[in-house]
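The sequence and structure are shown first.

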Amino acid sequence: MKAHKLYIRTFGCQMNEYDSDKVADLLRATRQLETTASVEDADVIVLNTCSVREKASEKVFSDLGRLRELKQEKPGLLIAVGGCVASQEGEQILKRAPWVDVVFGPQTLHRVPDLLTARERSGAPQVDIRFPEIEKFDHLPPPRKDGPAAFVSIMEGCSKYCSFCVVPYTRGEEFSRPLGDILAEVAALADEGVMEFTLLGQNVNAWRGELDDGSAADFADLLHWLADIPGVERLRFTTSHPLEFSQRLIDAFRSLSKLVGQVHLPVQSGSDRILAAMKRGYTTLEYKSIVRRLREARPGISISSDIIVGFPGEAEADFQATLKLVEDVDFDGSYVFVYSPRPGTPAAALPDTLDQAAKLARLQAVQALTDATAARTSAAMVGSVQRVLVTGHARKDGSELCGRCDNNRVVNFAGPASLIGRYADVEISGALPHSLRGRWRAAE
Ligand code: SAH
Ligand code: F3S
């Protein structure tokens, strides 16, 4: 019998990428579905949506419009919509696109197999966008090894309620995954040969755990325990928030050599007035103090950021303050976004006075500056020897290998395929805008 196929399209953040992988694992385990890159071949289609920026819901509805024809040709086809647009729109999705079979949220993805079955049995579309908290993790198949690096979700949701952001509404409040579960998952993956772990969450440093004796543990403790697991070579995390970036966490960069020298620490704006309006909970001085202490703890640490331009009320002076902060901190690359009002968030009620052309000009100015500071870092790496996790063949030239440095940059270099899945010492020989060139240094 021909294997049934699953097509998943993922929009948005790494949490969504992670969630899509879990949905694929679940459907492989329960329905023996294999993934396909061709939407026409699919028996089940999943759109995992994002609503953080842009007009994401409109994009989803236009995608759904195209899928309608496919469904007419292939009546057994099942279409599921998940992620943050699904979480926000719920039943509305079925009203506008009645050919959709299942609507699920970021916290109910473990129920997708049951929802599909219920759809087939009852003939009625199914919607489940609740936030049943930790239940999700208890219903996922055990993690599978997929190369030498793995993502591990340690917390869900966000309770910071920045005035511009939909995440707390679409993914729910912060919820930490229990300590024992995280340790067991990492140990199992390390046992199978995974060496590099990226801990995922909207605010990983808000993670809190409880020990058997009832005492509390924080994110710095978690990093120490994970680093002690045999086989764990490198630890990364994303994303962290300047609030709760404790001195103990900063000290972990001094004491834990397995923790990479790279932090993504969104600042959003360089103006204290705008930061207050965004409800970020810190000042530029506090942000710079974290950066200074991080650099003391780990000289040469790479720090990247997220920046929003054109927040309501952002005057020229506020924007100049952002440029100055980017220059002062010397970020190693950043994501810059034009503010977009998100329905249901407090900032959406504020008057948006800046026109689109001015917003775009600000975007380009900040982007040019962050690109320039990132290029400086790349250029400074030329001549250094980097420990690189070799992940596979280079994308452009398949005869070469590619890997990732400590600071997450991609390096392409010539070397034997036997290096794939291992760490190698590579001397950086050139810096390009999006990657580095290197020379493999075989062990003497
Ligand atoms: N803590 C999360 C933040 C999720 S949103 C994480 O880093 O994964 C990711 C980024 O999108 C934010 O840091 C912010 O810079 C940007 N963003 C969020 N809401 C936005 C909006 N309404 N308009 C423009 N950019 C936004
Ligand atoms: Fe969004 Fe702020 Fe949380 S940006 S994800 S509400 S920290």
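## The shell around ligand 2

In this predicted model, the residues around ligand 2 are Cys158, Lys160, Tyr161, Cys162, Phe164, Cys165, Val167, Pro168, Gln202, Asn203, His241 and Arg280. Sorted by class, this shell comprises seven nonpolar, three polar and two charged residues. Phe164, one of the residues around ligand 2, returns below as a member of an aromatic pair.

## Helix H13

Helix H13 covers residues 316-329, and its 14 residues reach 20 Å from the first C-alpha to the last, which is close to the 20 Å expected at 1.5 Å a residue. Within H13, the residues Asp318, Phe319, Thr322, Leu323, Leu325, Val326 and Val329 are buried. Viewed down the axis of H13, these buried residues fall within an arc of 160°, and they therefore line one face of the helix. Ala317 and Lys324, by contrast, are exposed on the other side of H13.

The packing partners of the buried residues of H13 are helix H11 (272-277), helix H12 (284-297), strand E15 (302-309) and helix H14 (356-381). After the helix comes aspartate 330, which has a positive phi, near 60°.

## Aromatic pairs

A pair of aromatic rings is described by the distance of the centres and the angle of the planes. Across the whole structure, a search finds seven aromatic pairs. One of these is formed by phenylalanine 164 and phenylalanine 311, an edge-to-face pair with 6.4 Å centre to centre and 80° between the planes. This pair links distant parts of the chain, since phenylalanine 164 lies in the loop between strand E8 (155-156) and helix H7 (167-171), while phenylalanine 311 lies in the loop between E15 and H13, the two being 147 residues apart. Phenylalanine 164 and phenylalanine 311 are both buried.

Tyrosine 282 is buried because its relative accessible area is 7%, where buried means under 20%. Tyrosine 287 likewise counts as buried, at 0% relative accessibility.

Note on methods: Residues are numbered from 1 along each chain as its sequence is written. Chains are lettered from A and ligands numbered from 1 in the order in which they are written. This is a predicted model: local features need pLDDT of at least 70, side-chain atom pairs count only at pLDDT 80 or more; totals for chains, interfaces and linings use all residues. Side-chain values use heavy atoms; hydrogens and water are left out. A residue is near a molecule or strand if one of its heavy atoms lies within 4 Å of it. Ala, Val, Leu, Ile, Met, Phe, Trp, Tyr, Cys and Pro count as nonpolar, Asp, Glu, Lys and Arg as charged, and the others, Gly among them, as polar. Helices (H or I, at least four residues) and strands (E, at least two) are DSSP runs, numbered from the N terminus. The expected span of a helix is 1.5 Å times one less than its number of residues. Buried means under 20% relative accessible area, exposed over 50%, partly exposed in between (1.4 Å probe, protein chains only). The arc is that of the directions from the helix axis to the C-beta atoms. Contact means heavy atoms within 4.5 Å. Rings of Phe, Tyr and Trp (its six-membered ring) pair if their centres lie within 6.5 Å; planes under 30 degrees apart count as stacked, over 60 as edge-to-face and the rest as tilted.
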